[in-house]
Amino acid sequence: MAAPVSLQVEFGGGAELLFDGVKKHQVTLPCQPEPWDIRNLLKWIKQNLLKERPELFMQGESVRPGILVLINDADWELMGELDYKLQDQDNVLFISTLHGG
Amino acid sequence: MAGGAEAARLSAEIGQREQELRGLRDRLAAVLAGGSGAAAEGSGAAFPGELPPLPAQASLSPADILRYSRQLVLPELGVRGQLLLARSSVLVVGCGGLGCPLAQYLAAAGVGRLGLVDHDVVETSNLHRQVLHGEARRGVPKAASAAAALRLLNSGVQYVPYCGALDPRTALELVRQYDVVADCSDNVPTRYLVNDACVLAGKPLVSGSALRLEGQLVTYNYQGGPCYRCLFPKPPPPETVTNCADGGVLGVVPGIVGCIQALEVLKIASGMGPSFSRFMLMFDAREGRFRNIKLRPKKPDCAVCGDNPTVTCLQDYEAFCGSSATDKCRTLHLLSSEDRVSVEEYKKLLDEQVPHVLLDVRPQVEVDICRLVHAVHIPLSKLEEKDEEYLEYLGKRICEEKQRTNGQTSFPVYVVCKLGNDSQKAVRILQELPAKELGSVLAKDIKGGLMAWASKIDPTFPQY
């Protein structure tokens, strides 16, 4: 059994508007048989934080094009993307890219 | 004391005359700058042709030394850096909220040549953030207006206004003529177009963006670093993209990002080297926080800068992104014409006092700006949630109005929003509600929304 994991989950660039405009969420993921990774975190977010219009946030099991995922201020691609194993006290930021000027 | 009053009167008059003169000079400059550009609009082909290379300067003139003295004494820049700046050309794509402060600082710093691209004209709603344009230049192409303002700031810089959209047919030729490109555009297709042109031409790209109270900045395609497509191989679904008109933007936010963008361009052009290659700067104005994010390296499988690129010439970016290369609001076609009325038709039924309910579905912040007094207000989000409290309130208002009629079977509800997009979504929701919710209603939306009302029916109604 993996122990519960506490995270700070943040949304920005407008992605927070899908979460009642709240940018910072303190989240505790419950114990589960396998360790928590980003793939499971996304499922958990979809069920617990994202109340509607999931298509504006997700596509398949990943985030939709135009959303960058940053783990402890680094591009998730450097960390293993969906397979990154979450550590207690990690900061995960989902940022929608801006296009305005 | 009579002398004092006279002096004050004369001072005021001088001030007023000077202001008039300034306005006239601005307009003259804009007309002169826009002379060739206005004809180019829309065609893209009429852009000024190949530019002669900037003359290589061996030393700074006494005038240059005086003018740039405060930055010349910086060891990081020095005479060497200043001469490199004078030999550099920068293409600014978009003369809006980012492009204005960026071009202003690049001109002030003594860059050799500034290319200024913009397809749009100055509008009143631009002035809060696009600080090179002024009231006197409303209606003037932005590229020409920016060139006119910059010329007053530093006449030693060459300004090349391109009054038209950056076009896949001409973009590569244009980008090849410049040393550094600054993406200050406002839409997704243009961002992919600028990126691909920079990769194909081998130019560094400093890309800024801003919306609401946030900004982002990255330098792409710099000495083996990632390009925009490495980060964003697929364009975002069009319905997830918000423009400044819909989302809003606090003017100083693109101002800050544009200034940092100018700094980054100056560092590249003067040989100091960039700070945001493989890093993204994120600025959250609400929290007053800057964040530096470490980005992935260049991707070997990138479609344009990878090992086996599939994009080897510029393509149709509007088709690729499924959206148009402007930040103008999209027009949704959700309802058929029998479910919609024009503002003229709605005005007629108001005049004839036809019983109905007008439902305004804009967010509260927009209702605070202006509204039609007889409207019932329920934000679209509450309808989407099927919020019981709001639906009950709407049902009550429909009941009240219905009592004035002799039991019409389907009671008319007209739905209005700013432009006539959200109102269509709302009509769909009302049509799909079970009859027990509101009784039998006939929902239609008002085409073009309150902005059509303002332009066609009531000129005193505010436009925003």
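Arg25(B) lies in helix α1 of chain B, which spans residues 2–40. The model described here is predicted. With a relative accessibility of 48%, Arg25(B) counts as partly exposed, because the exposed class begins over 50%. The C-alpha atom of Arg25(B) is separated by 63 Å from that of Thr405(B), a residue 380 positions away along the chain.

Chain B as a whole contains 19 helices and 13 strands. Its C-alpha atoms fill a box of roughly 90 × 80 × 45 Å, taken along the principal axes. Of its 464 residues, 52% count as buried. Among the contacts in chain B with a separation of 6 or more, 69% are between residues 24 or more positions apart.

One part of chain B that can be followed strand by strand is the set formed by β6, β7 and β8. Strand β6 covers residues 214–220 and is joined to β7(B) by five bridges, the two running antiparallel. Within this pairing, Val218(B) has Met280(B) of β7(B) as its bridge partner. On pairing with β8(B), residues 289–294, strand β7(B) forms six bridges, again in the antiparallel sense. Strand β7(B) comprises residues 279–284, and five of its six residues are buried, so the strand is largely enclosed by the rest of the structure. In a regular strand, side chains alternate between the two faces of the sheet.

Chain B also meets chain A. In this interface, 43 residues of chain B are in contact with 32 residues of chain A. The size of an interface is often given as the accessible area lost when the parts come together. Between chain B and chain A about 2,900 Å² is buried, 53% of it on carbon and sulfur atoms. On the side of chain B, the residues that lose the most area to chain A are Glu214(B), Arg291(B) and Arg296(B), which together account for 19% of what that side buries.

Several elements of chain B, namely α8 (188–201), β5 (205–211), β6, α9 (228–231), β7 and β8, each supply at least two residues of the side that touches chain A. Strand β8(B) gives the most, with five residues. By residue class, the side of chain B that touches chain A divides into 18 nonpolar, nine polar and 16 charged residues.

The count of salt bridges over all chains is 28, and the count between chain B and chain A is nine. In one of these, Arg291(B) is joined to Glu10(A), with the closest N and O atoms 2.9 Å apart. This pair crosses between chains, from strand β8 of chain B to strand β1 (residues 5–12) of chain A. Both Arg291(B) and Glu10(A) are buried. The side chain of Glu10(A) also meets that of Arg289(B) in a salt bridge, at 3.5 Å from N to O.

Other salt bridges lie within a single chain. In chain A, Arg39(A) and Asp83(A) form a salt bridge whose closest N and O atoms are 2.8 Å apart. This pair links distant parts of the chain, since Arg39(A) is in helix α1 (residues 38–48) and Asp83(A) is in the loop between β6 (74–75) and β7 (90–96) of chain A, 44 residues apart. Arg39(A) is partly exposed at 22% relative accessibility, and Asp83(A) is partly exposed at 44%. In chain B, the side chains of Asp167(B) and Arg169(B) meet in a salt bridge at 2.7 Å from N to O. Asp167(B) is buried, with a relative accessible area of 14%, whereas Arg169(B) counts as exposed at 66%. Salt bridges that share partners also join Glu10(A), Lys24(A), Asp73(A), Glu287(B), Arg289(B) and Arg291(B) into one network.

Conventions:
Residues are numbered from 1 along each chain as its sequence is written. Chains are lettered from A and ligands numbered from 1 in the order in which they are written. This is a predicted model: local features need pLDDT of at least 70, side-chain atom pairs count only at pLDDT 80 or more; totals for chains, interfaces and linings use all residues. Side-chain values use heavy atoms; hydrogens and water are left out. Buried means under 20% relative accessible area, exposed over 50%, partly exposed in between (1.4 Å probe, protein chains only). Helices (H or I, at least four residues) and strands (E, at least two) are DSSP runs, numbered from the N terminus. Two strands pair if DSSP finds at least two bridges between them. Contact means heavy atoms within 4.5 Å. Buried area is the accessible area (1.4 Å probe) that two parts lose on being put together, summed over both. A salt bridge is a side-chain nitrogen of Lys or Arg within 4 Å of a carboxyl oxygen of Asp or Glu. Ala, Val, Leu, Ile, Met, Phe, Trp, Tyr, Cys and Pro count as nonpolar, Asp, Glu, Lys and Arg as charged, and the others, Gly among them, as polar.
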